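Student: Could you please walk me through a protein model? I am new to this and would like to ask questions as we go.
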Amino acid sequence: MSTGTSAGAITGTATSRSTLTAGSRIGLGIALVWFSLLVLIPLAAVVVTATEGGWSTFWDTLSDPDTASAIRLTVVEALLVTVVNVVMGTVIAWVLVRDRFWGKRALEVVIDLPFALPTIVAGLVLLSLYGPDSPVGVNVVNTRQGIFLALLFVTLPFVVRTVQPVLIELDADVEEAAASLGATRLTTLRRIILPSLAPAIAAGASLAFARAISEFGSLVLIAGNQPGRTEVASLKILKYVETGNPAAAATVAVLLLLVAVAAIVVLDLISRRAAERG
Amino acid sequence: MASRTRQRTGPAGLTARLVVVVYLFLLVAWPVSVVVQRAFDPVGQPGGVGALWERLSAPDAVYAFYLTLTVAFWAVVVNTIFGVGISLLLVRQRFRGRRALSVLVDLPMSVSPVVVGLALVLTYSTGLGWFGSILSETGVRIIGSTPGLIMATAFVSLPLVIREVVPVLEEVGTDAEVAARSLGANARQTFWRITLPTIKWAVVYGVVLSAARAIGEYGAVRIVSRGAEFNGETATLLIQNEYQAFDEAAAYAAAFVLVMAALLALVVVTVVRPQEGSES
């Protein structure tokens with residue numbers, strides 16, 4: 001044990017304050033410079049560009065009818081998609097964990113596909129079946145249903161993958177105890193299972209919502225981009241960039257960021273309430 | 001099939017199973033299979049393996065895939081070196097601002113790709129970027145040239161290596177490293193002989209995820225690739241351009257390659273994952 005104690009002594013004295021040696025100081029310096037140049041300064045540039053015109057410029061951009069309608073459409077579609085994901089994601093996770101049937105392993109791969117596919121390919125994938133030349137005669141190009149479908153595709157794994165591990169850990173004994181005490185299956189679901197899953201469902205939902213409001217690639221080919229009708233916020237940002245109006249682009253970008261943060265906070269509160277009620 | 005069912009699968013359970021299978025089939029499995037089928041048999045165009053190969057060996061397509069692989073390669077190299085370095089610093093060292101840094105390095109994944117592109121343009125474009133005047137004086141072009149594509153790609157895939165390496169480093173602790181140091185190994189020997197072998201599979205996993213993300217990046221790349229005398233058409237941009245130019249056959253051919261790359265990444269990830277567990 002003598003080496004153990006001496007080793008403990010080394011780390012003990014070393015961790016009391018900064019442990020940076022000359023070498024790791026240089027490494028940290030290089031890493032911070034690169035990280036600032038790549039991420040921090042560019043993101044700061046977006047915020048500064050959005051706000052340097054003052055409140056009136058910020059407000060003028062957002063009250064432009066087309067921009068306002070793009071933001072409204074994006075938020076509404078993202079909310080709808082999140083609701084569907086909360087229900088379907090939980091059911092899918094449930095089936096993957098509790099059900100046994102032939103071909104279940106294949107479903108696992110199918111669920112990961114939307115994350116693995118490039119977003120532009122995701123759009124093309126949906127167009128091949130639900131676009132022009134559709135073998136089933138459905139055409140969602142230039143419609144809000146098309147946007148909804150694309151968002152549903154790219155957000156599919158979030159709720160499934162956050163709920164699944166919690167459901168695996170969930171003790172079946174508690175459910176059996178509830179059942180033996182006379183609880184119906186519905187009561188068990190409502191009082192035992194859903195409260196334990198609530199934080200995971202909320203976490204998955206906020207990820208799905210954040211992804212849905214910022215989604216771009218999968219919508220480029222499907223949405224059709226008609227101002228006031230099928231133009232979403234990310235495509236509006238692109239249009240502002242391409243028409244040489246970076247301040248307006250930055251304004252919409254900052255607003256999207258605020259909406260995403262607000263959604264995360266709200267869902268966190270909801271999940272805490274639900275977990276406490278259980 | 002049904003006889004192996006552990007719990008009783010009641011009518012509710014069977015309904016749930018049916019709903020899930022139909023939902024996933026309509027949303028993912030069927031559309032993906034139609035893309036593969038369209039690649040070999042496009043509407044109103046000659047089909048077959050030969051035609052597919054011809055479309056993929058067209059000069060535009062070759063250029064696009066070459067550019068995609070070049071950009072992805074450098075982005076993954078940069079992210080791997082940065083990712084392993086910053087993970088070691090975050091887990092093994094104590095310094096002011098460490099907590100803040102560990103939160104910030106996870107930020108890039110939650111930024112919309114369009115905003116990533118916009119952010120880089122606002123910083124590095126010679127016309128309106130913060131560093132625009134310095135760049136145009138020194139003659140360095142970032143936006144509308146390959147370095148810009150590499151930066152955009154590195155940005156969107158930045159946390160992937162870190163997310164894999166940090167938990168492994170935290171779990172294995174410092175015993176082996178401290179022992180090696182006390183036996184006289186220097187910092188470099190300890191890193192190559194002790195630290196790197198323990199995080200090897202986490203790094204491989206992170207690299208595969210980064211490479212898949214880098215090859216498929218579209219939004220950020222689309223915004224920074226705009227340049228007067230630069231052809232920044234990567235594979236994902238090629239798909240969009242061909243599709244919008246009504247050459248759907250070429251778009252489906254390129255998409256087929258990216259679908260196969262995504263499936264390959266999924267397979268590699270499933271193979272690598274358990275090994276990491278048995279290693280630690």
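Tutor: What follows is a conversation about this model, taken topic by topic. It is a predicted model, in which local features need pLDDT of at least 70, side-chain atom pairs count only at pLDDT 80 or more, and totals for chains, interfaces and linings use all residues. Residues are numbered from 1 along each chain as its sequence is written, chains are lettered from A and ligands numbered from 1 in the order in which they are written, and side-chain values use heavy atoms, with hydrogens and water left out.

Student: What is the mean pLDDT of chain B?
Tutor: Chain B has a mean of 85, and 94% of its residues reach 70 or more. Here pLDDT is the predictor's confidence in each residue, from 0 to 100. For chain A the average is 84, with 93% of the residues scoring at least 70.

Student: How many helices and strands does chain B have?
Tutor: Chain B has 13 helices and zero strands. Both are DSSP runs numbered from the N terminus: helices are H or I with at least four residues, and strands are E with at least two. The C-alpha atoms of chain B fill a box of roughly 75 × 70 × 35 Å along the principal axes.

Student: Which domains does chain A have?
Tutor: The assignment gives domain 1 (20-52) and domain 2 (58-277); such bounds come from an automatic or database domain assignment. Their C-alpha centres lie 31 Å apart. Four residues from domain 1 of chain A and seven residues from domain 2 of chain A take part in the contact.

Student: Now helices α4 and α11 of chain A: at what angle do their axes cross?
Tutor: The axes of α4 (residues 65-98) and α11 (residues 233-242) of chain A cross at roughly 145° and come within 8 Å. Axes are lines fitted to C-alpha atoms, for helices over the stretch in contact, and angles run from 0 to 180 degrees between N-to-C directions.

Student: Which residues meet there?
Tutor: From α4(A), A:D66, A:T67, A:A70 and A:T74 meet A:A233, A:K236 and A:Y240 of α11(A).

Methods
Contact means heavy atoms within 4.5 Å.
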